[in-house]
Amino acid sequence: MATSIYRPELAQLTDVQQMTATEKLFHIDLPNGGDLGHDPGQFVMLSVLGVGEAPISITSSPSRSNGNFELCVRQVGDVTGALHAMQPGDKVGIRGPFGNGFPIDRMRGKDVLFAPGGLGLAPLRSLINQVLDERDEFERVIILYGAKRRSELLFRDELNEWVERDDVECLLTVDCEDEGEEWQPEQQLECNIGVITTLFPQIDIDAKNTIAITCGPPIMYRFVLMEMLDKGIPESNIYLSLERRMKCGVGKCGHCQINSLYCCQEGPVFNYADIKGFEEAL
Amino acid sequence: MTLKILDKEAVAPLVEALMVDYRVVGPQAKGPKFAFDPITDPARLRLDYDTTILPPKKVFQPQRERLATFTMGEDPEVETVIEVEPTVLLGMHTCDLHALNLLDKAFAEDYPDAHYLSRREQTLIVSLECLEPCDDESFCRSMETLTVEEGFDLHLTDLGDAYAVEIGTAAGEELLADYGDARDASEAERSQKNELRASKVKHFADRLNFGSGELPPLLGDAFDHSYWEELEERCFACGSCTNVCPTCYCFNVVDEVNLALTEGERIRHWDSCQLAEFARVAGGENFREDRGARQRHRFMRKGKYLYEKFDALGCVGCGRCIRTCPASISILKGFNTIHASLR
C-alpha cells in the first residue's frame, strides 16, 4: 500500500511536567529510538487518536535531543485538552517535522535579540538553547521575555540560568503581579512590571549587526516590531514565527494561508521584509 | 493523433461492458439538473447534459473519505486507508478537465497525496467537447478552457450520429479496443470534427472584459478594493461557492470514534474558506474574520494565488459558483467590476 503523508507515527510520552496553570511540558520518544531530526522553529502535527490533530511547535533544541523531543503545550482546545489529560507511557501520533525553521546560519557571527511573549517562548527556546550550546558562534545574546503574570513565566529554571549567565543579557517583564501570590525567594526572578515593549529602552544594541526574532500572541507583533525598527534594526534582519490553524502541515488543506503563502511550508518563520506586504500576516 | 469513430448506438453497450470491470461514473439527470453519479443503468447516461451541480472532482477528492483507521487505548495502532476502486469517468467537459489538471498539481507536488493520486491513477477519463455553451453563467471561452490538450484518456466530439474519439493515452486506446466497438475515422469524419472544433468558438460569448492573463496582476492591485466591502454585506458565508468549484480542494480532517471508545476513523472532508471558523485557531484568534476578507481570499485564490503556485488560473469559467450563490455573487461580475475601476 502507498505511504500516506497523513499517517502519524505513534510516539510515547516519557515525562509530563506541569509548568504553569495552563501549560505542560511533554517529553516524547519516537519508536525504535528514532530521531525527529528537526531544526529550531519547526513544528509537528500532534495527534491524540480519537480527538484529532493540531500543529505544535517543538520547544527542545536539536543540540539537546537525547533521542527525544519536547513540546510545551497550552491547554486551549480539543486536542491540547486531551493531551493534558495524558500520562507518561501514553501514546500520541506525530507527523513531521514541518516548516522552515529559524535562520540560524544567518545569525552566526552576529548579535542576536530574542523577544518572545508568553507562549511564544516555546518555539524560541529551541533556538535559544541551540545558540547557547554553540555560544562561541554568536556575538551578543539578548533575551527580552514578557508574560502576563509571574505565574505564567515558562521554563523558570532556564530563565534563571539565562539571567545568571555573564554571556547572556536576559531581561524579564510581567504585565502585572499576581494577586495574592506568595513567591519563594528562589522563584523570585527579577522582573520588570510592564508589557514587553518597556524592556527595549533598557538595552543598547548595534542595530545593523543584530538579528531579531519574535514570537508571541497576535496583538504583540506590531508593538514589538515598532520597537525593533525604532532601534534601527533593518527590516530584513527581523524574523517572526506565526501561528495558524493547520490540518495537514504539507501545504494542501488551505487553512494556514496568509495571502498566497502557506504558513506550514513557507513559514512558520518569516522574514519581516519579505512578509510586510502580506496584509493577512498580522 | 489517431481518430476513432464510435456510433451513438454503440455507447450503451460500451458502458454496459465497462460496468463489469469498473465503477462507471457519468452525468445523469437529478431532478431538473444533472449530477456525476455511478451508473447503474446505461440508458441513464446523459452525454447531452449542460452542466452538473457538483464538478467531477468528487471522484478524486470525495466529499468525505477515510484516511486511516485506528484503535485507542494503551497500545493504539494506526492503519492507512486508501479508498480507491477502478473507475471510468465519462463525459467530463473541458472546463472540468482543466480544473482536474490543476488539482493533479496540487496533490502531486511537494508532498504527494497517495489518497488522491491512487484514485487518479485508477481512473480513466473519457472527456467530451462542448459545442454549445451550457448556459449564460459560464465563461469558459474567456478563461481559455474551451478546448483541452491533455489529461484525458479518450476525448469525444459529437458528430451527430456518432462520436469522434481522440486517443489521449495508451490506456485509453486499450480501453476502447477492449470494450468498445469503434472504427477508424474516414477523411470526411476527420474534417467534420475539425470543422466543428474550429467553428464552435463563435457560439461562446467572451464575457470577461479583458484577457484572463491580466487577472493575476489586476488582483495584485485590488487587495484594498471597495468591492470586498460590498461582498461583506452580501455574502451569507454558506460555502456553496467553494463546494461547487472544480478547483477548490481545501479540506478538514477530523477523528470519529465508536461508542465504546475503542476504535475510530480519521476522516477527511471538504472544507470552505468561506466558513467563519476556517482560519480560527484554538486560542480564539480568527485570521480571516470578515466575510468580505474571506470572499477576497476566494477571488485571490482563483485569479492569482493558484496561478502563482501552479501556473494555471484557479477559475475555469464553469459558472457553478454563480449559479449556486444565494446572494447572486458573481465572480465574473466581480472580476469585471474590479477591472473597470482599476484599469
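Trainee: How many bridges join strand 6 of chain B to strand 7 of chain B, and do they run parallel or antiparallel?

Mentor: Six bridges join strand 6 (residues 87–93) of chain B to strand 7 of chain B, and the two run parallel; helices (H or I, at least four residues) and strands (E, at least two) are DSSP runs numbered from the N terminus, and two strands pair if DSSP finds at least two bridges between them. Val88(B), for example, stands opposite Leu124(B) in strand 7 of chain B. Before we go on, this is a predicted model, in which local features need pLDDT of at least 70 and side-chain atom pairs count only at pLDDT 80 or more, while totals for chains, interfaces and linings use all residues. Residues are numbered from 1 along each chain as its sequence is written, and chains are lettered from A and ligands numbered from 1 in the order in which they are written.

Trainee: And what joins strand 7 of chain B to strand 8 of chain B?

Mentor: Three bridges do, again with the strands running parallel, strand 8 of chain B being residues 154–158; there, Leu154(B) is the bridge partner of Val126(B).

Trainee: Is strand 7 of chain B mostly covered or open?

Mentor: Strand 7 (residues 123–128) of chain B is mostly covered, with six of its six residues buried, where buried means that 20 or more other C-beta atoms, placed from the backbone, lie within 10 Å of the residue's own, against 12 or fewer for exposed and in between for partly exposed. Thr123(B), Ile125(B) and Ser127(B) point one way from the strand, while Leu124(B), Val126(B) and Leu128(B) point the other way, and all are buried.

Trainee: What is the strand order in the open sheet of chain B?

Mentor: Eight strands of chain B form that open sheet, in the order 3-2-6-7-8-9-1-10 and with mixed pairing. Strand 3 (33–38) and strand 10 (183–184) of chain B each have a single partner strand, so they stand at the edges with one side left without a neighbour in the sheet. Strand 10 of chain B runs antiparallel to strand 1 (residues 3–7) of chain B, to which two bridges join it, and Lys4(B) stands opposite Asp184(B) there.

Trainee: Switching topic: how is chain B divided into domains?

Mentor: The assignment, which is automatic or from a database, gives domain 1 (3–61 + 83–203) and domain 2 (212–342) of chain B, with centres, taken over C-alpha atoms, separated by 27 Å. In domain 1 of chain B, 24 residues are in contact with 19 residues of domain 2 of chain B, contact meaning that the C-beta atoms, placed from the backbone, lie within 7 Å. Helix 3 of chain B gives the largest share of the domain 1 side, nine residues.

Trainee: And how many residues of chain B are in contact with chain A?

Mentor: On chain B there are 38 residues in contact with 34 residues of chain A, and strand 11 of chain B supplies the largest share of the chain B side, six residues. That side has 25 nonpolar, six polar and seven charged residues, where Ala, Val, Leu, Ile, Met, Phe, Trp, Tyr, Cys and Pro count as nonpolar, Asp, Glu, Lys and Arg as charged, and the others, Gly among them, as polar.

Trainee: Last one: how much of chain B counts as buried?

Mentor: Of its 343 residues, 46% count as buried, and the C-alpha trace of chain B spans about 65 × 60 × 40 Å along its principal axes.

Methods
Two residues are in contact if their C-beta atoms, placed from the backbone, lie within 7 Å.
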